[in-house]
Amino acid sequence: MSEIDIQEFVGGFIAEADQLVAAATAGLLELEMANDRGEARPKTVRDLFRALHTIKGLSGMMGIQPIVDIAHAFETVVRAADQRGGRIAPRAVELGLIAMRAVAERVRAVADRQPIAAPPEALLDELARVETLGETTSAPTPAIISSWDRKLSAGERQQIATALGERRSVYTLTFTPSDANSARGITIATVRADVGKLGEIVKVAPRAVPQTDDAPAGLVFELLVISDATTSALAEAVASTPDRVVPLAALEPPELATLPVDDEISPIGRSYVRVELDRLDDLQEQLSGLVVSRFRFEREVANLAATGADVRALREITDAQERQLRALRRGILRARMVRVAEVLEPLSLLVRSLVKPGIKEVRLALDVGDTELDKAVGDRLLPAIVHLVRNAIDHAIEPIVERERIGKPRAGQIVIKCRQGAGNRLVLSVADDGRGIDREQIARRSGRQTVDDSDLLDVLTTPGFSTRDHATETSGRGLGMDIVRRIAVRDLGGELKISTTPGAGTTFELEVPLTIAIIDVFSFECSKQAFVVPVAAIEEIFELSEHRRIEGPVADPGRLPISICERRGRTVPIIPLGMMLRLGETAGAHKALVVRRGGEPLAFAVDRMLGRHEVVVRPIEDILARVPGVAGATDLGDGRPTLLLDLVELGASITTWRAGYSS
Amino acid sequence: MTLHVAFRVGSGEYAVDARDVLHLETFTQATHVPGAPEFVAGLVQVRGKLVPVVDLRTRFGVTAGQRTLDNRVIVVKVGARVAGLLVDSARDIVQLDESTFEPPPELVGDQSAGFIKAVASSAQRLLLIVDVPRVIGEEVRHA
């Protein structure tokens with residue numbers, strides 16, 4: 001999200017928060033009425049919980065701590081109510097309404113760019129108390145006391161179940177030690193003895209409570225009792241009043257009680273752990289170490305074989321290792337996968353913040369199904385998609401007036417689709433039904449006629465190119481497109497395509513690997529230096545000597561000489577890679593690596609192929625070594641970095657290449 | 001008094017503040033990066049990270065010398081950046097009193113494009129204090 005200005009989310013946040021506060025308030029009013037009729041509303045409580053949880057999450061994302069604190073405090077109360085089968089004390093409902101007003105006030109402050117007041121201490125205090133007293137403040141009607149569930153053994157659970165099955169009564173009694181009680185000689189020991197005479201004590205558990213005049217020790221004892229005695233007799237035994245004797249109707253099923261409810265409501269039937277991405281990265285780093293050491297091992301085996309030793313047994317082991325590593329890698333990758341829908345979630349918020357109701361309206365449709373991709377790829381990809389969506393809203397989609405005049409639906413539409421492409425790649429498209437890109441305008445601006453879509457894309461993604469004279473509110477100076485290309489192509493090793501129809505809209509298609517951590521590469525040598533290229537980027541490799549080559553003419557000696565050969569009925573330009581990279585003398589190029597650039601084949605002549613590997617690619621972070629055409633580096637097992645080339649990107653600079661200059 | 005790492009490039013003796021130095025590495029070979037500035041000897045892998053190495057001989061305009069076993073890479077950290085300085089040798093850690101630092105003679109400062117930020121004398125020898133951010137190319141702006 002680094003590329004996104006947080007201010008741009010503010011509008012969306014306010015709209016979303018307002019809606020959630022309204023929903024929560026409506027829910028609270030409904031609960032108030034239900035309380036009056038003595039009914040429970042589990043679904044309303046759960047919806048309320050979700051609304052609060054979302055308010056908390058959004059505010060956390062925006063860094064608005066006061067709202068987070070208020071929402072969190074009330075969420076805790078509502079969670080407890082949820083665990084009690086949807087019963088919520090009347091006072092808690094009142095506090096909830098106060099809390100929602102406090103949240104609404106702070107959302108307003110965000111909208112007005114005013115300082116955001118700290119949460120009201122008194123409110124937080126009471127919310128904290130109402131939570132712990134939840135069970136005792138609720139009316140003494142049959143309630144599910146889930147606080148017991150976690151404390152009960154299977155045997156105790158069975159004991160309760162049997163008693164309830166026999167229609168005997170089960171109660172929770174609370175004994176509060178105090179000076180007054182001990183002066184009367186009442187202690188937990190005497191209470192145990194007295195209650196024991198009235199029924200079966202299943203369990204006694206101490207519980208910490210806030211210190212009050214009633215509970216000076218900050219401690220109470222809860223007794224779970226099966227008894228046929230009257231509630232007043234039981235109350236007397238614990239020096240309490242009958243309204244403090246809480247009947248237990250049923251135990252919650254154990255699997256519900258043991259579900260983690262700390263951070264979100266997990267779908268029942270599947271269990272999840274939340275893992276920091278760092279830990280998975282670490283695991284992957286370990287795996288990459290293993291991959292490297294297997295390379296080394298394999299090389300030693302090859303050396304051994306070269307001396308004439310019998311290495312069949314060793315080969316069997318390395319083969320098995322390769323399979324195991326593959327399986328391990330797959331497992332780790334699976335653990336890193338997130339749903340595309342989840343990655344793109346912030347977009348709906350973004351769109352809402354960018355449209356101008358009544359002037360320009362936009363509907364965002366996500367048609368991404370259940371596709372998944374690596375979390376790390378998703379995090380990098382999102383800023384590119386944000387740029388595309390923002391550009392579409394800002395430049396492509398016409399205002400309502402114009403759309404109605406030309407007979408288009410009032411609201412513009414942006415459709416994001418994705419599918420899994422070939423070779424572990426994800427194809428994601430962002431299509432709008434706006435005005436399309438005006439080639440004439442682009443040509444005037446760039447001073448270059450564009451003949452096809454890929455040509456057009458080259459112009460659009462030139463750093464600094466803009467179709468607008470003035471910066472606009474949302475898209476800045478239209479600098480986004482080179483960033484989109486950089487993310488898709490350079491950062492993720494993918495591809496970016498465009499197709500546009502004047503008057504009908506524009507579609508951008510991004511093809512990115514599902515994961516960037518480990519990739520399949522070919523290694524080759526060029527002027528004595530080893531390089532790697534992604535296998536996925538290479539269309540084919542052919543032997544140069546098998547083809548007749550024609551040297552193409554060069555306009556001046558400073559330009560890169562390009563030869564041509566015929567391959568499968570097409571003419572293919574051949575770029576001398578060593579010369580292009582200024583690597584010095586070459587022993588003679590024997591192989592050609594074919595890539596596809598904008599649909600056209602392009603071959604690079606290299607000295608010889610070395611092999612094929614699965615490698616971990618590390619990004620080159622420092623500006624001193626970040627150069628066009630080099631996408632990263634890897635370790636082939638010799639402890640030295642080997643550069644990963646982006647031949648498609650190199651292909652883009654052929655026409656500007658001049659001898660003697662270094663970029 | 002601050003610790004400095006003293007090193008040699010050609011006939012000159014230089015020093016960098018030890019607080020900027022992560023570690024010293026022996027040097028065998030760096031991976032040439034086509035298109036990188038000429039003074040970049042290449043990339044090395046240091047503890048799993050890719051680190052660009054600046055050849056101080058090229059950077060300081062000293063004729064390229066033979067690589068020897070004495071060659072060292074001084075791995076420095078400037079802000080978020082980590083880079084290596086390839087030097088002929090680096091043997092000493094010296095205590096220098098920063099209050100005795102002299103600004104370099106104007107002519108030297110100009111001619112070295114600000115690579116030298118001060119001159120220090122220690123045990124009868126002159127040490128040129130290197131401006132590390134300048135040397136690792138804060139002016140380099142591509143990509």
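## Contact between the chains

Two residues are in contact if their C-beta atoms, placed from the backbone, lie within 7 Å. By this rule, in this predicted model, 23 residues of chain B are in contact with 24 residues of chain A.

Three elements of chain B give two or more residues each to the side that touches chain A: β4 (40-46), β5 (49-55) and β7 (81-87). The largest share of that side, four residues, comes from β4(B).

## Make-up of chain B

Chain B has three helices and 10 strands. Their order along the sequence of chain B is β-β-β-β-β-α-β-β-β-α-β-β-α.

Chain B has 143 residues, and 38% of them count as buried. Among contacts in chain B between residues at least 6 apart in sequence, 54% join residues at least 24 apart.

## Confidence of the prediction

The average pLDDT of chain B is 86, and 94% of the residues score at least 70. Among the elements of chain B, β7(B) has the highest mean pLDDT, 94. The lowest mean, 72, belongs to helix α2 (residues 106-111) of chain B. Strand β7(B) is also one of the elements that give two or more residues to the side touching chain A.

For the complex, the predictor gives an ipTM of 0.88 and a pTM of 0.43.

How values were computed
Residues are numbered from 1 along each chain as its sequence is written. Chains are lettered from A and ligands numbered from 1 in the order in which they are written. This is a predicted model: local features need pLDDT of at least 70, side-chain atom pairs count only at pLDDT 80 or more; totals for chains, interfaces and linings use all residues. pLDDT is the predictor's confidence in each residue, from 0 to 100. A residue is buried if 20 or more other C-beta atoms lie within 10 Å of its own, exposed if 12 or fewer, and partly exposed in between; C-beta atoms are placed from the backbone.
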